[in-house]
Amino acid sequence: MTWPVMTLSIILCVISVILTLFVLLHKSKGGGLSDLFGGGVSTSMGGHSVAERNLDRLTVVVGVLWLACIVALLAVYRYGA
């Protein structure tokens, strides 16, 4: 295994864990799988706070980085080897 593949694989694993944590930090909106784990018990207090909006933005940024890492890994596998 070459060093770009190993490096991108490690980065992908770290970003995957971070993305999973960010998704789990989101407040449930009701319905779906969140109710299965007790997420539907809490009531919403109205609009989004600044922290929730920042968490949304961070989740999108990490998701884009995750996707870019997968595309880069695909390119290295396809053209680098």
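Within the protein chain of this predicted model, confidence reaches its highest value in helix α1 (residues 3-25), with a mean pLDDT of 94, and its lowest in helix α2 (residues 33-36), where the mean is 55. The chain as a whole averages a pLDDT of 82, and 73% of its residues score at least 70.

Helix α1 comprises 23 residues and extends 33 Å from its first C-alpha to its last, close to the 33 Å expected at 1.5 Å a residue. Buried positions in α1 are Val 5, Leu 8, Leu 12, Ile 15, Leu 19 and Phe 22. The elements that cover these buried residues include α3.

An unreviewed UniProt entry annotates residues 6-25 and 58-79 as "transmembrane region". In the model, residues 6-25 are 100% helix and 0% strand, and the C-alpha atoms at the two ends of this span are 29 Å apart. Residues 58-79 are likewise 100% helix and 0% strand, with 31 Å between the end C-alpha atoms.

Thr 59 is located in helix α3 (residues 50-80). This residue has a relative accessible area of 12% and is therefore classed as buried, the limit being under 20%. Beyond residues up to four places away in sequence, Thr 59 touches Leu 19, Phe 22, Val 23 and His 26. With His 26, the side chain of Thr 59 forms a side-chain to side-chain polar contact at 3.0 Å.

Conventions: Residues are numbered from 1 along each chain as its sequence is written. This is a predicted model: local features need pLDDT of at least 70, side-chain atom pairs count only at pLDDT 80 or more; totals for chains, interfaces and linings use all residues. Side-chain values use heavy atoms; hydrogens and water are left out. UniProt positions are given in the numbering used here, feature names are shortened, and annotations may be inferred rather than shown by experiment. Helices (H or I, at least four residues) and strands (E, at least two) are DSSP runs, numbered from the N terminus. Buried means under 20% relative accessible area, exposed over 50%, partly exposed in between (1.4 Å probe, protein chains only). A polar contact is a pair of N or O atoms within 3.5 Å; within protein, one must be able to donate a hydrogen and the other to accept it, and residues adjacent in sequence count only if both atoms are side-chain atoms. Contact means heavy atoms within 4.5 Å. pLDDT is the predictor's confidence in each residue, from 0 to 100. The expected span of a helix is 1.5 Å times one less than its number of residues.
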